[in-house]
Amino acid sequence: MPKLEQTEGYRIIHNWMADKGYAPFDFQLKSWKKYAQNYHGLVVAPTGFGKTYAMFLAVLIDYLNHPEQYKKGIKLLWISPLRSLAKDLQKAMQTAIDEIGLDWQAAVRNGDTSTAVRRKQERNMPDILLTTPETMHLLFSQKKNSRWFKNIRCVVVDEWHELLSTKRGVLTELAIARLRSLSPNIRIWGVSATIGNLEEAKNVLIPYKNVNTTIVTSKEKKKLKIISLLPDEVELLPWAGHLGGKLAKNVLKVIYENNTTLVFTNTRNQAEMWYQLLLNEDADLAGQIAIHHGSIDAKLRNWIEDAINEGLLKVVVCTSSLDLGVDFKPVDCVVQVGSAKGIARFMQRAGRSGHAPNEISKVYFVPTHALELIEVSALKEAVKKRDVEARTPMVLTYDVLVQFLVTLAVGEGFDKEKAFEMIRETHAFSYLTKDDFTWAMQFITKGGKTLHAYEEFHKVVFDDEKELFVVKSRRISMLHRMNIGAIVSDAMLRVKFMKGGYVGMIEEYFISKLKVGMPFVLAGRILEIVHIKDMTVIVRRSKAKKAITPSWKGGRLPLTSYLSHYLRLKLNDALQPSIRERELKFLNPLLTTQNIHSHIPKSDEFLVEKIQTREGCHLFFFPFEGRLVNEIMASLIAYRISKIQPITFSIAMNDYGFGLLSDQEIPVTEENLKIILSKENLMEDVIASINASEVASRKFRDIAVIAGLVVQSHPGARKTNKSLQSSSSLIFKVLEDYEPNNLLLRQAYTEVFNEQLEEARLHEAFDRISKSTLILKEAKSYTPLSFPIKVDSLRNTMSNEKLSDRIARLQKQQYKLIT
Amino acid sequence: MNIVTKDIRFGNEILTLTNQRVLYWQAQEMLILSDIHIGKTAHFRQHGIAIPDAVLLKDLERLKFLIEHFQPKQLMVVGDLFHADYNQNFDVFIHWMEQFQDVTKILIRGNHDRFKVEFYENLGFQTHIQKTINTLTFVHDAVKVVANSYYISGHMHPGVRIKMKGRQYLKLPCFQVNSQQLILPAFSLFTGLNTRTHLENVVNYAFTEDAVLEL
C-alpha cells in the first residue's frame, strides 16, 4: 500500500487546504492515515482545532482514492447531539466539497427539517447526512428504511463525550449496532473533547471484536485565562443568591472591552434575568444583545447564531445551549455567571472564546454569592493540572431497550434471535441476559407477565407471514414515533404571538400559575397571555414594566467530585491565602466572620453547626460533596438521629453541605456525633434511610416516558391524548403493588444507586470523615457557610414517624394549604 | 379496610364523609361516589401501555366492601363511571354488578360517559345530566352555581397539599366543601390528585387510611 501522502486523494485535499493557507495539524494527518488503514477510533482535540476536518476529510480522501467502492446514497453519516450544530457543519462541508470539485451533497435531517425536505430525502438520500440520535431512530421506525443505510462507509459521532453518559448515548450505541448489521464494513469514529476516561469512551463507541481501534489525540493545548470579577468591597457580594446582579456594571465593562461576548448562565431563568439586567444597565445595548436558550424557538435561535457569526451582536446571554457547537469566530470573550460546577464544562465554555488555534481563551467569572469565589479558586487549580472528570457510560437501560424493540417493530419488523444478538453487541447491553430479553419481549407483546395475557394488548405482534415481530396498529405506531428519544421534559406549551410567529416554549406548570393578562418574560420580551388553546399559549406584547420570569425545572447540576476535592483543599488554606490567590484574599473578611462565629474546616476536619431560630432547630453539615451526595448523606444522618428519638426533619442541601430542620430539639452532642457520622453499616443505613421507593419513583419519571408508559403531550400539539394521561408516579405505584418484578422498576432502583447514591463517592466521603476531627459549633445565627443552604436550596422531607402521628401533630400546630 | 367517617351538614342534610372515597347519605340510604373510570386500564393497554388489571379489581373489591358495609338502597355515581370506549373491563364490571341487583343505580353523566342512554339502562343505571333530590343537586362538574342551590359533583379529583412547620409537606386526597358545593374525591385509585381549587371559602376534608381531617 502506498503511503497516504503519495495518494491522489491526499494530494487533492492537501492542495485545497494549501490554497486556503492551511496545513493539516498532526492529529488530522494521523486520523486520515488511520482511517485509510481501516481503523475505527476516537479523535480528541480542543475546540477550534478542526476536529471536523479530521474525520470529514478522511472520508473524502478515501473516496478520492477508491471511488469504485462507493455506491449511491448515504456514504457518511454524521451524528451530533445538538441540532444547532448540524446547520453550520453542513455549510462548511458543502463548501469544501464544492471547492474541491466533487458532486457530493451534504444535508441535514433533524426535528427542524420540514416535511417536504424529508420526503425529498427519502426518495433520494444525500451523500452525507447530518443528524441526531433521535432522528436516526425515527428513520429506523419507517417502512423499508434499511435501503438507506446499505452503502454507508463511515459513521461519525460528534461530541461523543456529551452523549456518553446519557441514555442518548445508548440510543447512539444501538443505532450504530443496527447500521453495522446493515453495512458490515462501516467504519466507526467518534469525536470528543478531553475527558477523564477516553479509553473507555472509545470502547463504548466501538465494542466490536476483530476491528482495529485507535485514539488520535492532538498535541495542541488551549491556553486559558480565568479572571474573577470582584465588586469593590466584599460586603457587596451577598452570602447567598443565584443572580450576581450587583456585578452587572463590571460585566458591561468587559463587554465593551471586547468584540463579542457570550455570557453563560446555568439556568434559563438566570439567562432571562441577566438579559434584563444588562439592558437596564445600558439601554444602548438594545439591538446588539440577544438571548439564547433551549426554550427559545428554533427559528429565533438560528437567527441569533447567524447574527453572532456575522458579528452583528455585541453580547449573547445563553445557557448550555451554546456550550457545544461550531465556533463563532467573532466571539473573543466569555463570561460565566455562577459556578459551572465541573471542570470539563468550564473548560468547554471557556473554549468558546479565542477559538482560533493558539489564541488564549479569556473567561471572566461572575460570583453569584461570596462562597463561589472559593470554587473559582479551586477551578483554577484543577484547570492548571488539567484534571478533567470522567463520564460514566450507562448500561442495561431497559427503557431504551423496550423503546428500541418497538421502534424496530414499527419500522421493518424484527427477528427475535437476530435482534438479541445485535443488541448484545453494544456496550450498554453486553450483559443483557436471555431472561431479561424475554421479559422485554413479553412486555411489548403481552403487556407484562406471561400469566396475564391481555387480549386487548397487541402493541407488538408476531406476523406469521413475514415471520417477524411488527406493530400493526397505526395509532400505536403514531404514538410511538412521537415518543422516540431519551430527552424527557416537563409538559411544555408553545408560546405564539397572536399575530403569528413563535417565541418559544414554557412549562405547563409555570403557565398554570398565571392568569390571562399577567405579564411574564420569555426570550427577553415582556408578554401577556391572551388565551391558551390546545398546547399553545397565545400571547401579545405587554406594556408592563415588571414581569415574572419563569423558572424551568431541571438544569441544576451538582458539583463534581473532582472539583469538590479541590474545593476542600482551597478552604483549608483560605485564611492564609498566597499572594496570587486574588479570590481568597478578597474573601478574607467573610472567612474571618465564619471563623469567629463558627469555624473554617481544615481538610482534616469536619464541621457541624447547630443553630436555633424561629423556624426550629437547625443542624448544618459540610461535606462539600455536591448536591446529590449531600442529599443522601442528609437522609442518612436524619435517619441515624431519628433512631435516637422519633422525629421529622425537613432536609435542605446545596453543593457544599446540608441542613436538617426540625420543629423539635435535635438530640446531637459531640459524643453521639461520632456514631452518627460513623462509616459502620453505611450502605445498610443508607438503604433504610432514603425512602428508596420515593427516590426511585422520581427516577421512574424518565423511564416511564422512554419506555412508552407515559404519553408525553407535545408543545403545540393539537391532540393531547387526554384519555391516555396518567402520571409516572401513579404507574410506579401500580407496578410496585402488582408487578414488583418489572424490569423498569428495577432499573429505577439501579439508577438511584448508581447516579444518586454514587456509592463509591459516598464510601470515600465517610472514610474521609472517619479520619477527620469532628467539630460541633453552636452559632447564634446563620453563618456565611450555613446561610446559603438555608435560603438557596432544594428541600425534602425525612420522617420515621407514622403518618397518623404526623397528622396528630399537624392538628396541634400551624399549617398552610398550598393551592 | 378501615372505615372512618365524619358527619357534616350540607344543604340542610346530614352527609357522612368517609376516608374510603365515598359519601353516605343516611336519610336516603344512598352511597355516593364519583370518577370510577371503569375501562381505564384496558384502554391504556389497547394503546400499548401495559397497566395490570389488578388496579380495576382492587377498585371493585373496595366498592363491594363499602356496599356490604353501608347496605345502601341506592348507588349514585356522579359521573365518569366509564373511562373510554367499550372494552374488556366493561364485561368484568357488568358481571360484577350482577351481585347488586337490588340496589337502585343512578348515573350522572360525566365528560367520559359518552354512550347512549340505552346502554346504561341495560346495565341497570338510570342516567341524568343533573338530578336534584331534596335540596341537593347532583351534577358531574358544577360549572354554574345558582343561589340557594347545593351541588354535589366530581370531575376535579381534588387533593390538598399541606405545608407544616419545619417546611414539611403532605399531599392527601380530599372532599372539598363550601356553603354551596361539595366536590367528591375520585373513587378509582388509578387517578391523580388535583391540588388546585377554584372554590372560595372551601373546607378540605382530607383523609388517610385511619383518619378524616378538617383542613
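Guide: In this predicted model, helix 14 of chain A passes helix 20 of chain A in a right-handed crossing. Helix 14 covers residues 372-385 and helix 20 covers residues 561-572; their axes lie 8 Å apart, at an angle of about 115°. Angles of 65 to 115 degrees count as roughly perpendicular, so helix 14 of chain A is roughly perpendicular to helix 20 of chain A. From helix 14, the contact draws on A:Ile374, A:Glu375, A:Ser377, A:Ala378, A:Leu379, A:Glu381 and A:Ala382. Helix 20 answers with A:Tyr562, A:Leu563, A:Tyr566, A:Leu567, A:Lys570 and A:Leu571. By kind, the residues of this contact are nine nonpolar, one polar and three charged.

The axes of helix 25 (residues 692-706) of chain A and helix 27 (residues 743-757) of chain A come within 8 Å and cross at roughly 105°. Helix 25 and helix 27 of chain A are therefore roughly perpendicular to each other. On the helix 25 side you will find A:Ala692, A:Val695, A:Ala696, A:Lys699, A:Phe700 and A:Ile703. Facing them on helix 27 are A:Leu744, A:Gln747, A:Ala748, A:Tyr749, A:Glu751, A:Val752 and A:Gln756. Here the contact residues divide into nine nonpolar, two polar and two charged.

A word on confidence, too: the predictor gives the complex an ipTM of 0.82 and a pTM of 0.84.

Notes
Residues numbered from 1 in each chain as written. Chains lettered and ligands numbered in written order. Predicted model: local features only at pLDDT ≥ 70, side-chain atom pairs only at ≥ 80, totals over all residues. Axes fitted to C-alpha atoms, helices over the stretch in contact; angles between N-to-C directions. Helix = DSSP H or I, 4+ residues; strand = E, 2+ residues; numbered from the N terminus. Parallel < 35°, antiparallel > 145°, perpendicular 65-115°, else oblique. Contact = placed C-beta atoms within 7 Å. Nonpolar A, V, L, I, M, F, W, Y, C, P; charged D, E, K, R; others polar. Left-handed = near helix turned anticlockwise from the far one by under 90°.
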